[in-house]
Amino acid sequence: MAAKIEVAIADQNPFVRSGLETLVQRDGRFKVCGVYGSGGALIEALRAKPVEIAIVGWTLPDMTGGAVLARVKQEKWQTRIVIYTGER
């Protein structure tokens, strides 16, 4: 069996975090390695142990999803970032 793809999730809303975690875990190809309520918490976690994919809300309490992306690129981590928004 192939290794599961490691995923981290960051969103300011605990209900969205929980829902995303449930959806990702339903797909047997993925393993959720961490769920975070802020961009800073996600960045610290990635510094300690990078994952393959981070699913990030655009609006976080301390930064935008775009700022998370910029930081990942600056650090030259190989994590792929998926940014989403529910805003109009």
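Leaving aside residues up to four places away in sequence, Trp58 touches Met63, Thr64, Gly65, Gly66, Ile83, Tyr84 and Thr85, where contact means heavy atoms within 4.5 Å. This is a predicted model, in which local features need pLDDT of at least 70 and side-chain atom pairs count only at pLDDT 80 or more, while totals for chains, interfaces and linings use all residues. Residues are numbered from 1 along each chain as its sequence is written, and side-chain values use heavy atoms, with hydrogens and water left out.

So where does Trp58 sit? You'll find Trp58 in the loop between strand S3 (53-57) and H3. Helices (H or I, at least four residues) and strands (E, at least two) are DSSP runs, numbered from the N terminus. With a relative accessible area of 38%, Trp58 is partly exposed. Here buried means under 20% relative accessible area, exposed means over 50%, and partly exposed is in between (1.4 Å probe, protein chains only).

Next up is Ile81, in strand S4 (residues 80-84). Ile81 counts as buried because its relative accessibility is 18%. Not counting residues up to four places away in sequence, Ile81 touches Ala54, Val56, Leu69 and Val72.

| Pair | Apart in sequence | C-alpha to C-alpha |
|---|---|---|
| Ile81 and Gly65 | 16 residues | 8.8 Å |
| Trp58 and Gln25 | 33 residues | 22 Å |

Now for Glu6, which has its place in strand S1 (residues 5-10). The side chains of Glu6 and Lys49 are joined by a polar contact of 2.7 Å. That term stands for a pair of N or O atoms within 3.5 Å; within protein, one must be able to donate a hydrogen and the other to accept it, and residues adjacent in sequence count only if both atoms are side-chain atoms. Setting aside residues up to four places away in sequence, the residues that Glu6 touches include Lys31, Cys33 and Pro50.

Finally, the helices. How do H2 and H3 meet? The axes of H2 (residues 39-48) and H3 (residues 65-75) come within 10 Å and cross at roughly 20 degrees. Axes are lines fitted to C-alpha atoms, for helices over the stretch in contact, and angles run from 0 to 180 degrees between N-to-C directions. H2 and H3 are therefore roughly parallel to each other, a label for angles under 35 degrees. On the H2 side, Gly39, Leu42, Ile43, Leu46 and Arg47 make the contact, and on the H3 side Val68, Arg71, Val72 and Glu75 do.

Technical notes
Angles under 35 degrees count as roughly parallel, over 145 as roughly antiparallel, 65 to 115 as roughly perpendicular and the rest as oblique.
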